[in-house]
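Biologist: Please take a close look at the aromatic pairs in this model. I would like one connected account, with the cut-offs spelled out.

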Amino acid sequence: MPPIIFTDDDFHGLDHQQDDPMVITVEIENYVVKKVFIDQGSSVDILYWATYQKLQLPDTAMVPFDKPIYGFSGEQVSTRGYIDLHTVFREGTQTKTIPIRFLIVDAPTSYNILLGRPSLNTLGVVVSTPHLAMKFSSPSGDILTIHYDQRLARECYMASLRPQLPIQQTNHIERPLGSDITLSGEDLDPRVGRDVRLEPVEETSPLELPNGHSINLGTGLNSDERAIITPILTNNTDLFAWSAADLPGVDPLVASHKLSIYKEARYVSQKKRKLGEERRLAAKVEADKLLNVGFIEEAQYTTWLSNVVLVNKANGKWRMCVDYTDINKACPRDAYTLPNIDRLVDGAAGNKVLSFLDAYSGYNQIPMAVSDMHKIAFITDDANYFYRIMPFGLKNAGATYQWLMDKVCSHLMEQCVEMYVDDMVVKSPSHHQHAEDLSAVFSALRQYNLHLNPDKCVFGVDRGKFLGFMLT
């Protein structure tokens with residue numbers, strides 16, 4: 001076999017000053033597959049599930065395999081199975097075909113396939129990143145050169161920097177079929193009954209939406225001003241949740257709540273406390289509601305285990321909370337900075353039009369990290385359960401929510417939005433501008449699958465309380 005060497009002539013890219021990823025094209029099952037990432041650091045070859053489906057491969061062709069793989073920072077990625085496929089590498093009319101065992105992974109990515117060391121070693125390839133090329137011997141003994149697509153590589157890289165959001169398709173908390181138990185925001189939000197941090201001062205009037213429900217508009221709007229704002233609200237009816245079953249949930253690849261427990265911390269399994277008959281029955285009712293909307297799941301084996309606490313609501317009903325005192329002590333405080341309240345209030349003041357938005361039980365729209373779900377298990381008479389979503393009461397839940405909201409509205413902060421955790425004010429100097437600002441906020445919320453509480457939202461007012469301060 002002749003020696004493999006690289007010269008300046010091997011560079012076919014557009015820009016010599018580059019650190020671009022290695023992206024090529026291959027042929028599989030009579031398909032030309034672009035966006036194939038060459039990753040010499042990977043110990044496996046990966047075929048992404050979306051690509052698998054586009055290749056029209058039958059599910060029966062895949063061998064089930066559920067062992068996870070791990071990224072460079074230790075993150076765990078689930079696999080669906082594996083499949084052996086003959087893969088063609090082509091230079092002009094010359095080709096080399098090798099069998100590759102692909103692990104099938106269902107994950108968001110800007111690539112179709114990732115080729116790691118197993119396939120590269122089988123191919124006998126030598127890679128040169130400065131030349132954006134790789135070389136290997138053909139069956140006839142010639143040296144074949146595959147050139148990387150620099151433009152496509154940069155497109156893939158830029159796409160990988162953006163959050164991968166399965167818009168309108170995620171429903172990570174499924175409601176079981178046949179369930180007719182509804183869970184309202186008051187069942188979930190322990191702030192209900194306390195001093196509210198967000199409220200309009202002027203009176204409101206209902207605006208009927210296409211689905212038969214209504215939301216609140218300020219009565220100070222004249223007919224022209226109302227006509228400017230109303231279309232934006234009716235066109236975004238689906239962003240309002242009328243019960244917990246309407247919450248699709250944030251995609252866990254975008255945000256999930258993780259527990260950072262001190263390594264030296266010991267598990268604490270609290271001894272079951274007696275609740276009394278009335279509280280016991282109330283806990284059973286609340287647990288059934290949570291179970292029916294898919295917010296909790298029965299825990300089979302527990303390490304950390306906490307008791308429930310029943311608290312009387314202002315309306316005389318019971319609210320179920322969980323005593324996470326022990327696990328909170330075992331977690332360091334998240335240093336993520338919350339916004340300065342004085343700055344938020346100053347930023348929101350002095351605008352002609354305001355809308356007050358509140359997420360529907362915002363914490364519960366964020367999933368728990370799968371690896372930590374069993375650590376927040378709690379006791380009831382019927383069974384032990386754990387939350388699949390981020391519950392109230394965890395030490396750093398507020399920081400996680402603030403981080404997500406900062407991410408959601410990073411491009412709108414201080415321009416037309418001020419927010420503190422799940423309290424949000426949209427501010428504008430005119431009603432026409434307010435319609436545009438609401439549209440931008442709704443678009444950001446939609447992208448992340450966040451939903452609003454129609455009972456706590458008010459649109460188009462000129463004053464109101466925000467974080468205990470009066471805005472005018």
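Modeller: Phe 37 and Tyr 111 are both buried (under 20% relative accessible area; exposed is over 50%, partly exposed lies in between, with a 1.4 Å probe and protein chains only). The model is predicted, so local features need pLDDT of at least 70 and side-chain atom pairs count only at pLDDT 80 or more, while totals for chains, interfaces and linings use all residues. Residues are numbered from 1 along each chain as its sequence is written, and side-chain values use heavy atoms, with hydrogens and water left out.

A pair of aromatic rings is described by the distance of the centres and the angle of the planes. The structure holds 13 aromatic pairs. For a pair, the ring centres of Phe, Tyr or Trp (its six-membered ring) lie within 6.5 Å; planes under 30 degrees apart count as stacked, over 60 as edge-to-face and the rest as tilted.

Take Phe 37 and Tyr 111. Their ring centres are 4.7 Å apart and their planes stand at 15°, so this pair is stacked. Phe 37 belongs to strand E2 (residues 31–38), and Tyr 111 to the loop between strand E8 (94–105) and strand E9 (113–115), so the pair ties together parts 74 residues apart in sequence. Strands here are DSSP runs of E with at least two residues; helices are runs of H or I with at least four, and both are numbered from the N terminus.

Now Phe 442 and Phe 459. Here the centres are 6.3 Å apart and the planes at 65°, so the pair is edge-to-face. Phe 442 sits in helix H10 (residues 431–447) and Phe 459 in strand E24 (residues 458–461); the pair links distant parts of the chain, 17 residues apart. Phe 442 has 1% relative accessibility and counts as buried. Phe 459 is buried too, at 0%.

Some rings meet charges instead. The charged end of Arg 80 sits over the ring of Trp 49, 4.0 Å from its centre. Lys 135 does likewise over the ring of Phe 6, at 4.9 Å from the centre. The criterion is NZ of Lys or CZ of Arg within 6 Å of the ring centre and within 35 degrees of the ring normal.
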